[in-house]
Amino acid sequence: NKLDPFVVRMNEDVPFNLLKNPALFTVRVASFRGKVVIDLERNFEQNAKLSNQLVEAAEKAHRLTNILRSKGVDAYEFHDRHESIVTIGSFNTVGTPRRDGKIEIDPRILRIIETYKARQEQLPGSRQIGIVPRTLTGISFDIQPTPVRVPGKATR
């Protein structure tokens, strides 16, 4: 539950910072990864290209969060050393435990998952069905949104 101080600093000036989400859980709807391994044998230009992928990941997460917020969605963004993510919602539990040991997922979480998960479509020029991620202004969501713990939050 302890956060890397560098990661905390990376998120300080983010307007809809996931670290400021008041609850324990949220739903991860989009993930953007960047390469962070720098090969010292390569020249500077190639290293800059690799680190730019992480910057592009952060920019996509930021744009998507702002677009969702402009539509009234409770969206947050989070950036670490390897990726940037976008989440939706604030929940103190994922759901209610059932007698059979499984969890009955909170209907609000289920609604977010259903809204943003990929859809099945027939592939063009084929009889095959494929999975197509949902997009918003050209930015793709994850194929399967998932509930996640808000970083840095201790279990209650």
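**A close look at one residue**

Author: If its neighbours within four places in sequence are left aside, phenylalanine 141 is in contact (heavy atoms within 4.5 Å) with Val29, Ala30, Leu64, Leu68, Tyr116, Pro133, Arg134, Thr135 and Leu136. The model is a predicted one, in which local features need pLDDT of at least 70 and side-chain atom pairs count only at pLDDT 80 or more, while totals for chains, interfaces and linings use all residues. Residues are numbered from 1 along each chain as its sequence is written, and side-chain values use heavy atoms, with hydrogens and water left out.

Phe141 belongs to the largest nonpolar core, a set of 24 residues in which Val29, Phe32, Leu64, Leu68, Val86, Tyr116 and Phe141 touch the most other members. Such a core consists of buried Ala, Val, Leu, Ile, Met, Phe, Trp, Tyr and Cys residues joined through side-chain atoms within 4.5 Å, where buried means under 20% relative accessible area and exposed over 50%, with a 1.4 Å probe and protein chains only. Strand E1 (25–33), helix H2 (44–70), strand E3 (83–91) and helix H3 each give two or more residues to this core; helices (H or I, at least four residues) and strands (E, at least two) are DSSP runs, numbered from the N terminus.

Tyr116, one of the contacts of Phe141, is a buried residue of H3 (residues 107–116), together with Ile109, Ile112 and Ile113. These four lie on the same side of H3, because they cover an arc of only 95° around the axis, taken from the directions from the helix axis to the C-beta atoms. The face of H3 turned away from that buried side carries the exposed residues Pro107 and Arg111.
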